[in-house]
Amino acid sequence: MEKALDQAAVKLSTHLVVEVIQRLRFEEKIALRFFTWAGHQEYYSHEPSAYNIMIDVLSSTKYKVKQFRIICDLLDYMKRSKKKSVPVEVLLMILRQYAEKHLTHLHKFAKKKKIRVKTQPEISAFNLFLDALCKCSLVDEAESIYVKVKEKIKPNADTYNILFFGWCRVKNPAKGMKVLEEMIKSGYTPENFTYNTAIDTFCKAGMLTEAAELFEFMRTKGSTMSSPISKTYVNMIVALAQRDRLDECFKLFRDMVDNGCLPDVSTYKELIEGMCLAGKMKEAFKILEEMGKRGYPPDIVTYNCFLKILCVNDKRDEALGLYERMIEVGCLPSVHTFNMLITMFFNMGDISGAFDTWNEMDTRGCMRNTDTYCVMIEGLFGCDKTDDACLLLEEVVNKGMKLPYRKFDIFLMQLSRLGNLRAIHRLSEHMRKFYNPAMARRFSMNEKRKSMRLRGK
């Protein structure tokens, strides 16, 4: 084709090039070849309109995803040849085309539900672009593009929320607050969720003063939609507890109840977990007592939440004390309760404690599950109690239990070190019922890739 065009010796103009590409819009490969040939001619250079039509053709076909790299090359060439930035109109056109699938489904849904969509396609596409940048932690780049474009496209509430959550993601609450201020000036009211995210970000960044100021603003000047909820109070209470401001914690808890924001079971659960993570065990017990007084007797989920923190931190006496308290109040422990206790004992090297807990399950009539056997067997192998571990593996096979593939692989490695070929054969034959050889190959390949990545680091 290029040779024939050279022989034709046609005098090129922007109008002619645009016309030809327009006629070839359904043959994008030929159109691109013609566009490239024209760009290399001696007395002709592409104008923005030629770039626009070529980009429009490439981004309008069903193969536009595969052709995205070509479009990026065109933009780069356009920028280099003109020694300027790419026009905003071109970028918006590309955004519209590549957000088309999302927007089409949105409009179909709106039509079906008889909802009128007032949002322009440009701002929808632009918001998708900003959201993608922010989720990749490229918030500086997102804000830079927003500043350049906001005069041509009017931002909506979603635009501000995307930028705000982006700054929260990179733990820069100061810039996040500037976005909120601009949002309010533009006539949009931040919702409760936005404020809660800001307070949570401030607390995690150690900016408790800023969190307290925003919280006070919500209480005194916020709208009905943005008044504090139980989640807001929980974030503040836990942050205060982490800084040993316990008097303020319980004062804020009383304020929460007095203001009609009554805590529910999930609120108490979050408070207890937050206090435990902050190392305030006495205060956590006080909240546990308060929970019962308010008509929410702690259930097994609440106790397990408490127990999990104690077991992870190897607080043996406190964990056993909590277990006894559960029994006293008539809250029957679950299999998860025993699994956590067994794991804690093995981590502390207390094999007898693990066996006592194992036997306690029989006493309490609690059925052991696969996780229980896995925790016990792995712990016994780790403590060189290989005979006991092999006996439990035999029990797993006899009961026809399905082990997770990762645990199965670990146990095979342990048996290989022992040279127990009989146990290896028994366990392999048993697991063949659940896993095929193809899965074993995929698993080994994945493990090999992981180890290669770690070596590369």
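A crossing of two helices is left-handed if the near helix is turned anticlockwise from the far one by less than a right angle, and right-handed if clockwise. In this predicted model, the crossing of helices H21 and H22 is left-handed, whereas H14 passes H16 in a right-handed crossing. The secondary structure of the protein comes to 26 helices and zero strands, and buried residues make up 39% of its 457 residues. Among the contacts in the protein with a separation of 6 or more, 61% are accounted for by residues 24 or more positions apart.

**Helices H21 and H22**

- Two packed helices are described by the angle between their axes and by the distance between the axes.
- Helix H21, which covers residues 351–363, packs with H22 at an angle of about 155°, and their axes are 12 Å apart; because angles over 145 degrees count as roughly antiparallel, H21 is described as roughly antiparallel to H22.
- On the H21 side the residues that take part are Ala-354, Phe-355, Trp-358 and Met-361, and they meet Thr-372, Tyr-373, Met-376 and Leu-380 on the H22 side.
- Sorted by class, this contact of H21 with H22 has seven nonpolar residues, one polar residue and no charged residues.

- Thr-372 has its place in helix H22, which spans residues 370–382, and it counts as buried because its relative accessibility is 0%, where the cut-off for buried is under 20%.
- Leaving aside residues up to four places away in sequence, Thr-372 touches Val-335, Asn-339, Ile-342, Trp-358 and Met-361; Trp-358 and Met-361 are also among the H21 residues that meet H22.
- Asn-339, one of the residues that Thr-372 touches, is found in helix H20, made up of residues 335–347.
- Asn-339 likewise counts as buried, because its relative accessibility is 8%.
- With residues up to four places away in sequence again not counted, Asn-339 touches Asn-369, Asp-371, Thr-372 and Val-375.

**Helices H14 and H16**

- Helix H14 (residues 230–242) and helix H16 (residues 265–277) pack at an angle of about 15°, with a distance of 9 Å between their axes; because angles under 35 degrees count as roughly parallel, H14 and H16 are roughly parallel to each other.
- From H14, the residues Ser-230, Lys-231, Val-234, Ile-237, Val-238 and Ala-241 meet Thr-267, Glu-270, Leu-271, Gly-274 and Met-275 from H16.
- The contact of H14 with H16 has, by class, six nonpolar, three polar and two charged residues.

**Glu-283**

- Glu-283 is found in helix H17, which runs over residues 281–293, and with a relative accessible area of 13% this residue is buried.
- Not counting residues up to four places away in sequence, Glu-283 touches Leu-246, Phe-250 and Met-275; Met-275 is also one of the H16 residues that meet H14.
- Although Glu-283 and Leu-246 are 37 residues apart along the chain, their C-alpha atoms are separated by 8.3 Å.

**Two loop aspartates with positive phi**

- Asp-314 has a positive phi of about 55° although it is not a glycine, and this residue lies in the loop between helix H18 (300–312) and helix H19 (316–328).
- Asp-314 counts as partly exposed because its relative accessibility is 33%, a value that falls between the limits of under 20% for buried and over 50% for exposed.
- Asp-384 is likewise not a glycine, yet has a positive phi, of about 65°, and its position is in the loop between H22 and helix H23 (386–399).
- Asp-384 is exposed, because its relative accessible area is 65%, where exposed means over 50%.

**Cysteines**

- A search of the whole structure finds zero disulfides.
- Cys-134 counts as buried because its relative accessibility is 3%, and Cys-311 counts as buried because its relative accessibility is 5%.

Technical notes. Residues are numbered from 1 along each chain as its sequence is written. This is a predicted model: local features need pLDDT of at least 70, side-chain atom pairs count only at pLDDT 80 or more; totals for chains, interfaces and linings use all residues. Side-chain values use heavy atoms; hydrogens and water are left out. Helices (H or I, at least four residues) and strands (E, at least two) are DSSP runs, numbered from the N terminus. Buried means under 20% relative accessible area, exposed over 50%, partly exposed in between (1.4 Å probe, protein chains only). Contact means heavy atoms within 4.5 Å. A disulfide is a pair of cysteine sulfur atoms within 2.5 Å. Axes are lines fitted to C-alpha atoms, for helices over the stretch in contact, and angles run from 0 to 180 degrees between N-to-C directions. Angles under 35 degrees count as roughly parallel, over 145 as roughly antiparallel, 65 to 115 as roughly perpendicular and the rest as oblique. Ala, Val, Leu, Ile, Met, Phe, Trp, Tyr, Cys and Pro count as nonpolar, Asp, Glu, Lys and Arg as charged, and the others, Gly among them, as polar.
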